[in-house]
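This briefing sets out the fold, the strand pairing and the charged contacts of the structure shown below. Please read it alongside the sequence and the coordinates.

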Amino acid sequence: MCSRRTSKFCYLLLGVFCGISAFAQPQKTPLFLPLDDVRALSGTFGELRPAHFHSGLDIKTNGIGHPVYAAASGYVSRIKVSAEGYGLALYLSHPGGFVTQYGHLEAFSEAIRKRVLKQQYKEKSWEVDFSLLPTELPVSKGDIIAKSGNTGGSAGPHLHFEIRDEKTETVLNPLAWGLKVPDSKFPVFRSLKVTPWRSHSRVNGHSKPYFYRLRGENGRYSLGERPIKITGAAGFALELWDQQDLSPGKNGIYSLVLKAAGDTLFHFQADYFQFKETRFANAFIDYQEWMKSGRGYFRCFRLPGNLFPWLKKVHRQGLVSPHSQALLACEIIAQDFAGNTSRLDFLVESASSSVNQVVTSSCDFPLTPFKAVKFEKQKFTADFPDGAVYDTICLQYKQSSSRRHLSDIHYFHSAEEPLHATIECALLAPGLSKVVREKAAVIQESPSGKKWIKGQWYGDWFVFRTKAFGTLYLEEDPTPPAILPLNVSDGKTFQKGEQFFFLIQDQDSGIGKIEAQINEQWVPAAYDAKTGKVVIEMPDSLKTGTHRLLLIIEDLVKNTKTSQLTFKIP
């Protein structure tokens, strides 16, 4: 077995045995379209997103409530209901060893809805995630299994559709299974970022990245007649996206290749990956550039800590390193699944450095991809496991006292640097009362906003886990959530089968737990984390008369708010 400590050697093995030769995929079978209209996509398979590759197709629906069909015969093998993620999601297992997944659903078919309701009452939780036997909910190809929606972490109405290998949970590109999307458009190139590799390298005489605004259209691009002058080696990253005929947005590409003098240095192709590998997307996207400007640059080179095994090819890490005065012809080729191809041709030449001696700054705490290490300061510690970062970095840390917060402020490196693994941190906050400690959590600040993180007390140390750098401090949340009844008031009359609507919010640590009761009996309370809306279904068993409704909302640190009222059924 290979350890991360021997990962450079292991990566070569992975490239030979895993990256080049494909794994045995399940038998492909013609699929029934999961929607009546699958012509427009808002997301493609393998698309680079922060902290993950997109694992399916996002099919636009232009609203909610459209029939969702079983793509093949089989049975419902898993159902998940969540306020975030895929929201209402179905997983169907099929003969041949593959699974189809349908996410962000608005509602299940009646048979599936009843099975979900049974599980929710059993667990006394609206959020459920459970597996089923093959005999429980069989389906035939083309059966209506749900209605499309916008639940969970969806940013707009669409169906998330996946295909997985049943044994390995490897996710597969659905376009390879015969789903046809009208596409005659070329991938679009916008700009090229050329980054000197390490401190001794230069690009056009500069030690910092050099940007080129690209010119061209219809699949042919250039950056001008002058060659790029490289001292040492450089890595190339391309700002690009793909579009389909009915999809004007910016979707991911299928294949990206970098060649130098005809030799392929880098080849990425979005055919399949495993979920345990999805966070390597942080190493392909130029994370710092994305955090600063929101622009997506796809790296055509491999960082040392990027052990993603399914690259079609990577040679010399994908770095371009001209060694003679002769011009080196390079090209970057992007292709979508329909075969539309865009190309950037450019020249590179070797340049002698004008810097006689490279001055390297000292680093108090270097952090490398292949070594577990503990960072310790008087009031802050962090445990980095093996493989926490993608490249060697000089860890930056600063501490300042604060009267506004429960602890000092810890400036823990930069949120523009991604982490691959979870790290365990602890910060010191002495002298706090038991009441304050019970309502305390860490706030992590980054350019994307504030995040509250739960943890545990060990003496005067608050211990927590995170997957990101950023500014950290301990804060108290003494305020309970707020509940706003929307269609409910005390003593109001409702007809059988009606629903109760509430709006809930928490300004600080966030919603943690939701519970609803009617006549002291638990009932499901559906929650939409995007809107804060809670929907409570009226049980069919309720009879004529007066009934009691109780809604209990708890935030992350267990501040509790209740709303109690009565309603009548005539």
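**Strand pairing around strand 47**

Strand 43 and strand 47 (residues 533-537) are paired antiparallel over 5 bridges; two strands pair if DSSP finds at least two bridges between them, and helices (H or I, at least four residues) and strands (E, at least two) are DSSP runs, numbered from the N terminus. The model is predicted, so local features need pLDDT of at least 70 and side-chain atom pairs count only at pLDDT 80 or more, while totals for chains, interfaces and linings use all residues. Residues are numbered from 1 along each chain as its sequence is written, and side-chain values use heavy atoms, with hydrogens and water left out.

- Within this pairing, phenylalanine 502 stands opposite valine 534 in strand 47.
- Strand 47 is also joined to strand 46 (residues 525-528), by 4 bridges in the antiparallel sense.
- Alanine 526 has valine 535 of strand 47 as its bridge partner.
- The hairpin of strand 46 and strand 47 has 4 residues between the strands, and glycine 532 there takes a positive phi near 80 degrees.
- Threonine 531 also belongs to the loop between strand 46 and strand 47. Its relative accessibility of 48% makes threonine 531 partly exposed; buried means under 20% relative accessible area, exposed over 50%, and partly exposed in between (1.4 Å probe, protein chains only).
- Threonine 531 and glutamine 505 are separated by 26 residues in sequence and by 9.0 Å in space, C-alpha to C-alpha.

**Isoleucine 536 and its surroundings**

- Isoleucine 536 is part of strand 47, and it is buried, at 0% relative accessibility.
- Leaving aside residues up to four places away in sequence, isoleucine 536 touches Gln499, Phe500, Phe502, Ala516, Val523, Pro524, Ala525, Leu549 and Leu551. Contact here means heavy atoms within 4.5 Å.
- Aspartate 336 lies 200 residues from isoleucine 536 in sequence and 45 Å from it in space, C-alpha to C-alpha.

- An open sheet is formed by 5 strands in the order 42-49-48-44-45, with mixed pairing. Strand 42 (492-493) and strand 45 (521-523) stand at its edges with a single partner strand each, so one side of each has no neighbour in the sheet.
- Strand 44 (residues 511-518) pairs with strand 48 (residues 545-555) in the antiparallel sense over 7 bridges.
- Alanine 516 stands opposite leucine 551 in strand 48.

**Surface patch**

- Leu484, Leu486 and Leu503 make up a nonpolar surface patch with about 250 Å² of accessible area together. Patches are made of residues with over 30% relative accessible area and no salt bridge: like charges are joined within 9 Å, and nonpolar side chains (Val, Leu, Ile, Met, Phe, Trp, Tyr) within 5 Å.
- Leucine 503 is located in strand 43 (residues 499-505), and it is partly exposed at 33% relative accessibility.

**Salt bridges**

- The count comes to 22 salt bridges, a salt bridge being a side-chain nitrogen of Lys or Arg within 4 Å of a carboxyl oxygen of Asp or Glu.
- Aspartate 286 and lysine 193 form a salt bridge through their side chains (2.8 Å, N to O). Aspartate 286 lies in the loop between helix 3 (281-284) and helix 4 (287-293), and lysine 193 in strand 14 (residues 188-196), so the pair ties together parts that are 93 residues apart in sequence. Both aspartate 286 and lysine 193 are buried.
- The side chains of aspartate 391 and arginine 198 also meet in a salt bridge (2.8 Å, N to O). Aspartate 391 is buried, at 13% relative accessibility, whereas arginine 198 is partly exposed, at 37%.
- A network of salt bridges links Glu47, Arg49 and Asp58.

**The chain as a whole**

- The protein chain contains 5 helices and 49 strands. Its radius of gyration is 27 Å, close to the 25 Å that the globule rule gives for 570 residues, so the chain is as compact as a globular protein of that length. The radius is taken over C-alpha atoms, and the globule rule is 2.2 Å times the number of residues to the power 0.38.
- The C-alpha trace spans about 90 × 65 × 45 Å along its principal axes.
- Of the 570 residues, 51% count as buried.
- The protein chain exposes about 26800 Å², of which carbon and sulfur atoms supply 50%. Accessible areas come from the Shrake-Rupley method with a 1.4 Å probe, and for residues only the protein chains shown count as cover.
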